[in-house]
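I opened the model today to look up a few things and write them down. The sequence and structure come first.

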Amino acid sequence: MSTKAIADWIYTRSPIWAQNWACTRHGRKLQRLRYNAEFYELLAWLEQSQWWSRDQLREYQEARLRHLIRHAFESVPYYRRLMDDRGLGPNDIQTIDDLGKLPILTKDIVRRNGDDMVSRAVRSRDTVSAHTGGTTGTGLTFRRSLSALHFQWAVWWRHRSRFGIELYQPHANFSGHSVVPLGQHSPPFWRENRAMKQTYVSLYHMTQANMPAYVDMLERRTFKYYSGFPSGLFLLADYLRTIDHKLARPPDLIITGAESLLPFQIEAFNEWIGAPVTEQYGLAEGCANISQCEQGNFHVDMEFAIVEPKPVGVAEEGRLCKVIGTSLHNYATPFIRYDTGDIATFSDESCPCGRKGDVVKYIDGRVESYLITPEGRRVGRMGNCFKDLINIRECQLVQHNPRELLVKVVKESGYTDADERHLITALRSRLGESLDLQIHYVERIPRTKSGKFRAVVSTIISPDLPGARQTAEYITAGAATRSDTQPTSRSQVPD
Ligand SMILES: [Zn+2]
């Protein structure tokens, strides 16, 4: 048994007060790691730099880039080899346009090169081990410098401060923390991290029978904000709708991440939880971060990373682009031109808030979250389909070939044949008539290992999409049958 397995075994059998103590102790460790003097300095600096001109932002990025490239060339075996093979020296990459001289970096390349991706110049005590989500075999472990970690948390807290949220305000976190043993059948279905005034709310116990206990807890206590996965928060909002009860003590704000936030979820949060929502996009690799502003647009956090939008299609409100990112601060394992596998809608409009960072309209989600019709049409943001289907608790669309679509549905108690007809009409209106729809009624829809819900799961290799190779390898690895466990690059929502 590993140390972690032993610790888990002891935790599961401990009384609740001891579990709260363990969560608080863990919280104290995170607090020391994340929020030191460097973090506060960076946060103060970022509060200023978000108002810089485009030229200033670009100048800053390119100065950091030159430094990073030299560092990678001199101390990271993988980059030394790569640049030598191409006859490139550090002086050949001076600007963002020059970045194109280097190939795209994939998760697979990082994994294959292992230790050769790690800088010889960074002391290991100045780094922490980091890993991305994903299933066994698809996750990624790498080193992250402490400075990069502080920078990322400062960027995340800058986003929150735009909405009046400050460190150490009481909040409830609805992400994939497995802090309540699965065998527990009575409340409390939450645990306390008192060090950070955070209540970890279990998503794994949110059954209809247990929901009244959750609502009772949320009504008795005062939380400044909720954070978490949209799918988890939606279980709460949807339950409130079924009992026709609006929270009497709503939080000031809901902050989501890790999964795409869908319009019907925003509506449900506004109406039943009674709070506005904001979203941010980030990932453990630290090679891109995109945060919403007060005007509802997103801005690329340009001080943190260089994001190269790689066009893959056109959307109503802008260019549909793959997010390719270069971390400007992680000197331990430099990620240069990393393919995140995520798609966002980039816009050329300027934002009324006055920030000059690149504008993004939507975080669309994974490459795998698109469906394909037999005619070859690619359809995204399918979540909109379920907006009016209130008798469906959850729905997942699974596609293994362009002719068929498997529709997994968890019914609400009032579900009738009419709801099924509405569902089919809604799907047909987006996908057309030629796709064969197979509706399967299920008790529950499994989450990914890290607790995320995937509304759309596609295992189709689409050669015109960059990243297709990665998907192909995933299928070859025999994982395609486990439709609920697609790899994902988006980090958990910052807790
Ligand atoms: Zn803005």
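My entries below go from the whole chain to single residues.

**Ground rules.** I am working with a predicted model, in which local features need pLDDT of at least 70, side-chain atom pairs count only at pLDDT 80 or more, and totals for chains, interfaces and linings use all residues. Residues are numbered from 1 along each chain as its sequence is written, and side-chain values use heavy atoms, with hydrogens and water left out.

**Whole chain.** I looked up the secondary structure and found 12 helices and 20 strands in the protein chain. Helices (H or I, at least four residues) and strands (E, at least two) are DSSP runs, numbered from the N terminus. Of the 495 residues, 58% count as buried. Buried means under 20% relative accessible area, exposed over 50%, and partly exposed in between, with a 1.4 Å probe and protein chains only. I then looked at contacts (heavy atoms within 4.5 Å). Among those between residues at least 6 apart in sequence, 69% join residues at least 24 apart.

**Zinc site.** Which atoms coordinate the zinc ion? I noted Cys293 (SG), His299 (NE2), Cys351 (SG) and Cys353 (SG), at 2.1 to 2.3 Å. Donors are N, O and S atoms within 2.8 Å of the metal (3.2 Å for Na, K and Ca); water is not among the atoms, so sites may look incomplete. The arrangement is tetrahedral because the four donor atoms subtend angles of 100 to 118 degrees. For four donors, that label requires all angles to lie between 85 and 135 degrees. Along the chain the donors follow the spacing C-x5-H-x51-C-x1-C.

**Cavities.** I counted six cavities of 30 Å³ or more. On a 1 Å grid over the protein atoms alone, a cavity is a set of points where a 1.4 Å probe fits but cannot get out; lining residues have an atom within 4 Å of a point. Grid points are joined across faces, edges and corners, and a volume is the space filled by probe spheres set on the points. The second largest cavity holds about 70 Å³. Its lining includes His299, Arg158, Arg162 and Glu303. By type, the lining has three nonpolar residues (Ala, Val, Leu, Ile, Met, Phe, Trp, Tyr, Cys and Pro count as such), five charged (Asp, Glu, Lys and Arg) and three polar (the others, Gly among them).

**Helix 8.** Is helix 8 enclosed or open? Seven of the 10 residues of helix 8 (residues 211-220) are buried, so the helix is largely enclosed by the rest of the structure. Among the buried ones are Met211, Tyr214 and Glu219. The buried residues pack against strand 3 (171-174), strand 4 (190-193), strand 5 (198-201), strand 6 (225-228) and helix 9 (230-242).

**Backbone.** Most residues other than glycine have a negative phi, and most peptide bonds are trans. The bond from proline 187 to proline 188 is cis, with omega near 5 degrees. Proline 188 sits in the loop between strand 3 and strand 4. Tyrosine 168 has a positive phi near 65 degrees and lies in the loop between helix 7 (146-161) and strand 3. Lysine 197 also has a positive phi, of about 50 degrees, and is partly exposed, at 45%.

Notes. 1 Å grid on protein atoms, 1.4 Å probe; cavity = no way out; pocket = protein on both sides within 12 Å on 5 of 7 lines; lining within 4 Å. Tetrahedral: all angles 85-135°; square planar, octahedral: opposite > 155°, others 65-115°.
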